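Biologist: Hi! Could you walk me through the aromatic rings in this one?
Modeller: Happy to. Let's bring it up.
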Amino acid sequence: MANTNVAYPVLGVYLILILGAGFIGAVMNFRRGTLGHHDQVREHFLAGKGLGTFVWFWTMMATLFSGYSVSGIVNEAYSSGWTATRWIPAGVGLYIAFAIMAPRLHALSKRRGYFTMSQVIYDRYLPPSGSHVLVAHALALLSFFCLQLPVFTYLITQFQSIGREVRTFTSNSITPTVAINVSAAVLLLCDLFGGMRAVAFTDVIQGIVLFFGSIIFLIIQRTELGGMGAAFDVWGHPYPKAPARYSTMQRVPTHVNIVSYFDFVFKTTVAATMFPHLTARLFAARSTQVIRRGMACMVFTFFVVQFSSMITGWVASAAIPKLAKSESAFGKLLQVVADRGTGQAFAAALLLASAICAMMSTADSALLAFSQMWVRDIYTKYLRPNAGQIEQLVFAKVMAIIGLVIGVTLGNYSVERGKPTLSGLFALQNVTPIHVTPAIWLGLHWRGLRGEAVLTGFICGLGVTIGLVFSDRNIMRANGSDMTTIGISSAWFGFVVNIGITIILGVLMQFFPRLFNLRPMPPPPSPDQVEELGEHEDGCEVYPEPSSLSAEKDADAAVVAKSGQVVPAAAAAPSSSTLSVLFAAAGRSPSVVYSRFVPRYLEIGINRDRTLNPYMWSLMFLVLLFTVPFYRTPWSWDGYVGYIGSWPFTSLLLSGILAILGAITFMFLWEDYKPVKEGVLPPASSLLTQMATKPSQTMMCEAGATAADTAVAAAMQNSPSKEP
């Protein structure tokens, strides 16, 4: 039975709903970006940095749970048994690790208007943290290219999963190529017209369907296939009563697999915090309350979505003794359920739609992050600094098309070849992002860390990783994965080298800068020289209203004078009369004012965050460590707790305790970061500087320049500006 009679209508309705949500997002983007504050680029990439708790939670959940969570985990549980439980402690650990950087990243994004991690890295390691601006450029570019890998592996993964699951469920009546191309077309429409808001709205639908679909499938497995009890009767007995292929369900893992379990859990915890489509949500949240509540709930979702996938794989291992090479365990199990009747076929089609939700929600986020990085980190930074909003959006959409074509091509190729597998792709996508982590984790909290130390560690660690990945020591190279003979990945070896060199050189350069021909860092600002974010401060890169400028200007001038800093004349805020002209011009040509970013040294101060409570983090580290069964004798016979082996039960129990500790951290230990007080330097002042020095050339660069734009240029040229 091909199941196409139910697959076509169910998937058709799903695609219509997704396109409808994307259309609503596009309309809201137009109303807010064109008719509201005019910052269309910010609306497209970050939904105006205004996602509320409900939408943020569902988009964060749907973005994380991808083809790995549905198709990959099911296949891994089917073939490898209990070791599939590694995904839950890794996922919980990942979201807890976000607490290391989320308070500061969100606040700095609100203050500075950051869109990408490379922007943060560039500002952080500008002089005086680096001896030369080239150090900051090198770190930003290295980070940019390292963060491109997870984008493409995520795209390949989602398309591979969609192709395999649809082909298996419909018995190849819908080919992988058709499934991949149709899903790619829907993704492209949402990305081109709706941006982040369309992605977030579609994620709400997809996240809800995925969450409740996982619960429904747990019920169907029990009623139609007997659930874990029936499966236990197959693999819960010693050989020869149970076939030898079920030995992984009866024993503790081998020594290499225990080491590999540890490597996966801790590597994912560290590396995945750098994934661009996840960090973009930290920038897009309306407030810290949104992130805190969302994260406190997120740590528990793994026990619904991913645990359901694991049970699916374990039940499938008993219900389906053998799979064809091109088939997936999840799709085949759905097919078995569908063959039992019309009602079961309809339910199976709904569950297939929920699986596709997981895949599509991650693919659209990855595609948006890809174009966002190319616009902010390459195009407007190095190629076209004066690019207007329309030009930036056009370039973003061109890059989205290019990225999607590459992803679709590689996705089709991987489906046909059958490798790399989804687990292999996940291993590969951690190879390079993990090396960005020291620059962010340490750089956001260690003021004395120098750019040269970070760059040296980065290059050395990345070199070690790449060298091992392509060497014979990577025993999984032929399968497109990453693991050495002892179970540790090349990425983990390189990361240890990276962070070790960074810390050692960082300490030496901080206390003995003359040894490296470096100037000492300037004195830190006093602890009280910080300020809370304004209620409506959102990094919009636009000036305040003229009426409120004078008081703010006087207050800022007093703080800057007290700190001894010198703000260039061109950076000083313009007069109220100038702002009036500026606002008038913005109505006709918003690209004159908005969507600008001004690189400048990021002073993080010396205050310590209460969020990083050493006692709580030590406890959480130990709990996470003991989710790995290193304390058990490798390949020894294992008992059962109910229908689950005792060691995986312990791992899941400790993961639940870890989730509770993580929720406590987000809800009760979180401390909002207060940025160091800065001088009056709105991001759009880069345009003021250009206007003041060469107004005619600047205005000619802007597409759609009008007579009002020329008036702005003249006002900038005649406006007096003094150092505070």
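Modeller: Let's begin with tyrosine 154 and phenylalanine 275, which are both buried. Keep in mind that this is a predicted model.
Biologist: How are the rings of tyrosine 154 and phenylalanine 275 arranged as a pair?
Modeller: They form an edge-to-face pair, with 5.7 Å centre to centre and 85 degrees between the planes.
Biologist: Where does each of those two residues lie?
Modeller: Tyrosine 154 is in helix α9, residues 148-169, while phenylalanine 275 is in the loop between α12 and α13. The two are 121 residues apart in sequence, so their pair ties together separate parts.
Biologist: Nice. What about tyrosine 261 and tryptophan 647?
Modeller: That pair is edge-to-face too, at 5.7 Å centre to centre, with 75 degrees between the planes. Tyrosine 261 belongs to helix α12 and tryptophan 647 to helix α26, so this pair links distant parts of the chain, 386 residues apart.
Biologist: Are tyrosine 261 and tryptophan 647 buried or exposed?
Modeller: Both tyrosine 261 and tryptophan 647 are buried.
Biologist: How many aromatic pairs are there in the whole structure?
Modeller: A search finds 34.
Biologist: Which residues do ring pairs link into a cluster?
Modeller: Trp82, Phe232, Trp235, Phe307, Trp314, Tyr640 and Tyr643.
Biologist: New topic: charges. What does the charged end of arginine 86 sit over?
Modeller: The ring of phenylalanine 264, at 3.9 Å from the ring's centre.
Biologist: And arginine 245, which ring does its charged end sit over?
Modeller: That one is over tyrosine 78, and the distance to the ring centre is 5.4 Å.

Methods
Residues numbered from 1 in each chain as written. Predicted model: local features only at pLDDT ≥ 70, side-chain atom pairs only at ≥ 80, totals over all residues. Heavy atoms only, no water. Phe/Tyr/Trp six-rings, centres within 6.5 Å; stacked < 30°, edge-to-face > 60°. Helix = DSSP H or I, 4+ residues; strand = E, 2+ residues; numbered from the N terminus. Buried < 20%, exposed > 50% of the residue type's maximum accessible area, 1.4 Å probe, protein only. Lys NZ or Arg CZ within 6 Å of the ring centre and 35° of its normal.
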